[in-house]
Amino acid sequence: MDRDEARARIFAAIAAIPRGRVASYGAIAQRAGLPGRARLVGRALGEVPEGMELPWYRVLRSSGQIAFPPGSRGFREQSRRLKAEGVEVRNGRVPLASFGLDADLDRALWGLPG
């Protein structure tokens, strides 16, 4: 797979994250058919073509933590956008058990609390 195809798959996986949900860089890589390539997802996010609308703010570290440095403009913007969609953000972290892409599936299968 060439670089352009990999980026297109990554962008499609990010675009598919529903409003009010988040995903880790690794989960996006997995969904794009690029398992283990979380860093490639981060790199692709830094290369989003101008004018492309992509919900970049729905992508977080595997811990649920925002990747931008706390207090930075990017950190504040990502927090603001997530909260506007009803996502809980506390100290720069989102509880993935409640807001992650697979949260509903986990609850349905295992009865995990939301």
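Is Y57 buried or exposed, and at what relative accessibility? The legends below treat this residue together with other parts of a predicted model.

**Figure 1. Confidence along the predicted chain.** The chain has a mean pLDDT of 90, and 89% of its residues reach 70 or more. Among the elements, helix α4 (residues 73–84) shows the highest mean pLDDT, 97, while helix α6 (residues 103–110) shows the lowest, 54.

**Figure 2. The aromatic cluster of W56, Y57 and F68.** Ring pairs join W56, Y57 and F68 into a cluster, and the structure holds two aromatic pairs. In one of them, the ring centres of W56 and Y57 are 5.7 Å apart and the planes stand at 90 degrees, so this pair is edge-to-face. Y57 counts as buried because its relative accessibility is 10%, a value under the 20% cut-off. W56, with a relative accessible area of 25%, is partly exposed. W56 also forms an edge-to-face pair with F68, at 6.1 Å centre to centre and with 90 degrees between the planes. This pair links distant parts of the chain, twelve residues apart: W56 belongs to the loop between α3 and β2, and F68 to the loop between β2 and α4. F68 is partly exposed, its relative accessible area being 35%.

**Figure 3. The buried side of helix α3.** In helix α3 (residues 38–45), the buried residues are L40, V41, A44 and L45. They lie on the same side of α3 because they cover an arc of only 140 degrees around the axis. These buried residues pack against α1 (3–15), α2 (25–31) and β2 (59–60).

**Figure 4. The largest nonpolar core.** This core has 18 residues, of which I10, I14, I28, V41, L45 and V59 touch the most other members. Helices α1, α2 and α3 each contribute at least two residues to the core, and α1 provides the largest share, five residues. Another core, of ten residues, lies apart from it and includes Y57, L60, F75 and V89.

**Figure 5. The surroundings of V59.** Leaving aside residues up to four places away in sequence, V59 touches I14, I17, A23, S24, Y25, I28, L45 and Q78.

**Figure 6. The backbone at N91.** N91 is found in the loop between α4 and α5 (96–99). Most residues other than glycine have a negative phi. N91 is not a glycine, yet its phi is positive, at about 50 degrees. N91 counts as exposed because its relative accessibility is 77%, which is over the 50% cut-off.

Technical notes
Residues are numbered from 1 along each chain as its sequence is written. This is a predicted model: local features need pLDDT of at least 70, side-chain atom pairs count only at pLDDT 80 or more; totals for chains, interfaces and linings use all residues. Side-chain values use heavy atoms; hydrogens and water are left out. pLDDT is the predictor's confidence in each residue, from 0 to 100. Helices (H or I, at least four residues) and strands (E, at least two) are DSSP runs, numbered from the N terminus. Buried means under 20% relative accessible area, exposed over 50%, partly exposed in between (1.4 Å probe, protein chains only). The arc is that of the directions from the helix axis to the C-beta atoms. Contact means heavy atoms within 4.5 Å. A nonpolar core is a set of buried Ala, Val, Leu, Ile, Met, Phe, Trp, Tyr and Cys residues joined through side-chain atoms within 4.5 Å. Rings of Phe, Tyr and Trp (its six-membered ring) pair if their centres lie within 6.5 Å; planes under 30 degrees apart count as stacked, over 60 as edge-to-face and the rest as tilted.
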